[in-house]
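Reader: Hi! Could you walk me through this model?
Author: Happy to, here it is.

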Amino acid sequence: MPTVFNKNGYKFFFFSNEGNPLEPCHIHVRKNGALAKFWVSDKCSLAENYGFTSKQLNEILEIINLNDKQIKEAWNGFFFE
């Protein structure tokens, strides 16, 4: 489970086995038992949410948008290099 970074108590990560065939670039976020999954592309979007409030989801999405390049680089580096 590669961790890309931690920010404001949120852990941003992906699983090393992301399906067969490999799903498109995305990031999982965990904090205090809550978990969410976001698609990371030109326009990032929520895929799944288990326990985060809408306020937290907006904060997470802002963090993802500010760090989308780092997330994509980590994803591509892990799965394609």
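Below we chat about the core, a lysine and two asparagines.

Author: This is a predicted model, where local features need pLDDT of at least 70, side-chain atom pairs count only at pLDDT 80 or more, and totals for chains, interfaces and linings use all residues. Residues are numbered from 1 along each chain as its sequence is written, and side-chain values use heavy atoms, without hydrogens and water.

Reader: Thanks! Which residues have the most contacts inside the largest nonpolar core?
Author: Phe12 and Ile64, in a core of 20 residues. Such a core is a set of buried Ala, Val, Leu, Ile, Met, Phe, Trp, Tyr and Cys residues joined through side-chain atoms within 4.5 Å.

Reader: And which element gives the largest share?
Author: H1, with four residues. Helices (H or I, at least four residues) and strands (E, at least two) are DSSP runs, numbered from the N terminus.

Reader: What does Phe12 touch?
Author: Leaving out residues up to four places away in sequence, its contacts (heavy atoms within 4.5 Å) include Phe5, Val29, Ile60 and Ile64.

Reader: Switching topic: is Lys37 buried or exposed?
Author: Lys37 is in strand E4 and counts as buried because its relative accessibility is 7%. Buried means under 20% relative accessible area, exposed over 50%, partly exposed in between (1.4 Å probe, protein chains only).

Reader: Which side chain does Lys37 have a polar contact with?
Author: Glu23, at 2.8 Å. A polar contact is a pair of N or O atoms within 3.5 Å; within protein, one must be able to donate a hydrogen and the other to accept it, and residues adjacent in sequence count only if both atoms are side-chain atoms.

Reader: Last one: what is phi at Asn32?
Author: Positive, about 50 degrees, although Asn32 is not a glycine. Asn32 sits in the loop between E3 and E4. Asn8, in the loop between E1 and E2, has a positive phi near 55 degrees.
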